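Here is a quick tour for someone meeting this structure for the first time. Have a look at the model, then read on.

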Amino acid sequence: MNPEDEPRLTDQHTAALRRTAQDPDRYAQYLADVARMLLGTSRDLETLQGETRVHCRSAHVEGDLWYHARRRARPTERTLKRVLKHLQNLVDELEKSVRKRHEYENEMKALPRRRRERQLAKERKRNPGLRAAPTRPTLENPANKEQNPRYSGPTDVYSLPKRDTA
C-alpha cells in the first residue's frame with residue numbers, strides 16, 4: 001500500500017461515515033454491526049478468561065502453598081473481568097445511542113409543526129377574535145331578563161326603580 005493512497009482511503013471512509021451519520025436507519029445498522037462484532041469479541045474473551053483461569057490457578061511452583069497460585073492469578077482474572085464489563089457497557093451505550101438518534105430524528109420531523117402551532121398561539125394571543133359584548137338586562141327591556149338566566153335584578157342602589165312616595 002502506498003503512503004499516497006492512505007489519505008484517499010481515509011477520505012472515502014470519512015465520507016461513508018458522514019452518510020451513515022445523516023441517515024438514522026443506516027446509523028442503526030452500522031452500530032448494530034459494531035455491537036455484533038463486540039459481542040463476538042466478548043464471547044472470545046469469556047472463553048479466554050476461563051482458560052486463563054484454569055491455567056494460572058493450576059500453575060504451581062515448588063514450595064507453594066495451595067492458595068499461592070490462586071492469589072497470583074487474581075490480578076489477571078480481575079483485569080479480564082473488568083474488560084468484559086466495560087465491553088458490555090460499551091454495547092449498551094451503542095444501543096442507547098441508536099435510540100437517541102431516532103428520538104432526535106423524530107423531534108426534527110415534529111419541530112416545524114410545533115413551531116407553527118406556537119406561532120398561531122402567539123397570533124391568537126396578540127389579535128384575539130372579536131366577540132360580541134354580553135347584553136346586560138335593564139329594567140326598561142325585560143326581554144333581556146329571559147335571555148340571560150343569570151339576571152338577578154338591580155345590583156346597586158342607583159339602579160333601583162324609583163318609587164312614588166305620594
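## First look

How many helices and how many strands make up the secondary structure of the protein? There are four helices and zero strands, where helices (H or I, at least four residues) and strands (E, at least two) are DSSP runs numbered from the N terminus. Read from the N terminus, the order of elements is α-α-α-α.

Keep in mind that this is a predicted model, in which local features need pLDDT of at least 70, side-chain atom pairs count only at pLDDT 80 or more, and totals for chains, interfaces and linings use all residues. Residues are numbered from 1 along each chain as its sequence is written, and side-chain values use heavy atoms, with hydrogens and water left out.

Of the protein's 166 residues, 15% count as buried. Buried here means under 20% relative accessible area, exposed means over 50%, and partly exposed is in between (1.4 Å probe, protein chains only). As for contacts (heavy atoms within 4.5 Å), take those with a separation of 6 or more: 53% of them join residues 24 or more positions apart.

## How H2 and H3 pair up

The axes of H2 and H3 come within 10 Å and cross at roughly 170°. These axes are lines fitted to C-alpha atoms, for helices over the stretch in contact, and the angles run from 0 to 180 degrees between N-to-C directions.

Which kinds of residue sit in the contact of H2 with H3? They split into 20 nonpolar, eight polar and nine charged. In this count, Ala, Val, Leu, Ile, Met, Phe, Trp, Tyr, Cys and Pro are nonpolar, Asp, Glu, Lys and Arg are charged, and the others, Gly among them, are polar.

## The nonpolar core

The largest nonpolar core has eleven residues, including Ala28, Leu45, Leu84 and Val98. Such a core is a set of buried Ala, Val, Leu, Ile, Met, Phe, Trp, Tyr and Cys residues joined through side-chain atoms within 4.5 Å. Helix H2 (24-58) and helix H3 (68-126) are the elements that supply two or more residues to it, and H3 gives the most, with six.

Leu84, one of the core residues, touches Ser42, Leu45, Glu46 and Gln49 once neighbours within four places in sequence are set aside. Glu46 belongs to helix H2 and is partly exposed, at 44% relative accessibility. Its C-alpha lies 10.0 Å from that of valine 83, which is 37 residues away in sequence. Over in helix H3 is Gln88, also partly exposed, at 35%; Gln88 and leucine 39 are 49 residues apart in sequence, with 7.8 Å between their C-alphas.

## An aromatic pair and a buried threonine

You'll find one aromatic pair in the structure. The ring centres of Trp66 and Tyr67 are 5.7 Å apart and their planes are at 80°, so the pair is edge-to-face. For Phe, Tyr and Trp (its six-membered ring), rings pair if their centres lie within 6.5 Å; planes under 30 degrees apart are stacked, over 60 edge-to-face, and the rest tilted. Trp66 is exposed at 66% relative accessibility, while Tyr67 is partly exposed at 29%.

Beyond neighbours within four places in sequence, Thr20 contacts Arg26, Tyr27 and Tyr30.
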